Amino acid sequence: MLTGFVLFYVGAVLFLNGLWLMGRIADREIVVINIVTALVSGAAVLHDAFGSAASAASIRNGALSLLFCTTYLWVAYNRLSGADGRGLGWFSLFVAVTTVPVFLRALAAAGSLTELWLAVNWGIWGVLWLMYFLLLALKRPIQRQTAWVTLLAGIFTGWLPGFLLLDGLI
């Protein structure tokens, strides 16, 4: 259930960040959902990595989830401080590279449709973080494409599965 809870908010923040990248939401206004999602995912990180039932697998999950949490906090910080995003762009490269072995490991270990779906999500998230690196650190003119990938990833890798998990449908 915790996964559904976090994914639901990841879906919201990616969808809204996509709209923000399209210029449909103001810089300062996008801060709220990024902070809320960082807090939600941060609580899950604390539970997974430091909770009484923490295990090697849950600590790994917490470490990977912290990549999302850090990204959302950094977006919020950049919007409040006026930073140009280059630091977040380079962090995004670090995360994109990290997603490669996570994706490959998840793909190789997938024994169910749900596990295969999660592996594919890691691939999609890796592409998305790579796009943020290209957009923010290297200043490539791909904002429109990045906006659409962000928005669609929000729907299909976050909101929809999060909603279905919360409703007990998967």
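An axis here is a line fitted to C-alpha atoms, for helices over the stretch in contact, and angles run from 0 to 180 degrees between N-to-C directions. Helices themselves are DSSP runs (H or I, at least four residues), numbered from the N terminus. This is a predicted model, where local features need pLDDT of at least 70, side-chain atom pairs count only at pLDDT 80 or more, and totals for chains, interfaces and linings use all residues. Residues are numbered from 1 along each chain as its sequence is written, and side-chain values use heavy atoms, with hydrogens and water left out.

Now look at helix 1 (residues 2-21) and helix 5 (residues 113-137): their axes come within 14 Å and cross at roughly 30 degrees. That makes helix 1 roughly parallel to helix 5 (angles under 35 degrees count as roughly parallel, over 145 as roughly antiparallel, 65 to 115 as roughly perpendicular and the rest as oblique). On the helix 1 side, Leu7, Leu14 and Leu21 meet Trp117, Trp125, Leu128, Tyr132 and Leu135 of helix 5, where contact means heavy atoms within 4.5 Å. Sorted by class, that contact has eight nonpolar residues, no polar ones and no charged ones (Ala, Val, Leu, Ile, Met, Phe, Trp, Tyr, Cys and Pro count as nonpolar, Asp, Glu, Lys and Arg as charged, and the others, Gly among them, as polar).

**Leu14 and the core**

Which residues touch the most other members of the largest nonpolar core? Out of its 37 residues, they are Leu14, Tyr72, Trp125, Trp129 and Tyr132. Such a core is a set of buried Ala, Val, Leu, Ile, Met, Phe, Trp, Tyr and Cys residues joined through side-chain atoms within 4.5 Å. Buried means under 20% relative accessible area, exposed over 50%, and partly exposed in between (1.4 Å probe, protein chains only).

Leaving out residues up to four places away in sequence, Leu14 touches Tyr72, Trp125, Leu128, Tyr132, Thr150, Leu151, Ala153, Gly154 and Thr157.

**Out on the loop: Gly82**

Gly82 sits in the loop between helix 3 and helix 4. Is Gly82 buried or exposed? Gly82 counts as exposed because its relative accessibility is 59%. Gly82 and Leu14 are 68 residues apart along the chain, and their C-alpha atoms are separated by 20 Å.

**Helix 3 against helix 4**

The two helices on either side of that loop pack at an angle of about 155 degrees, with axes 11 Å apart. That makes helix 3 roughly antiparallel to helix 4. Among the residues that meet here are Arg60, Leu64 and Trp74 in helix 3, and Phe91, Phe94 and Arg105 in helix 4. By class, this contact has nine nonpolar, five polar and two charged residues.
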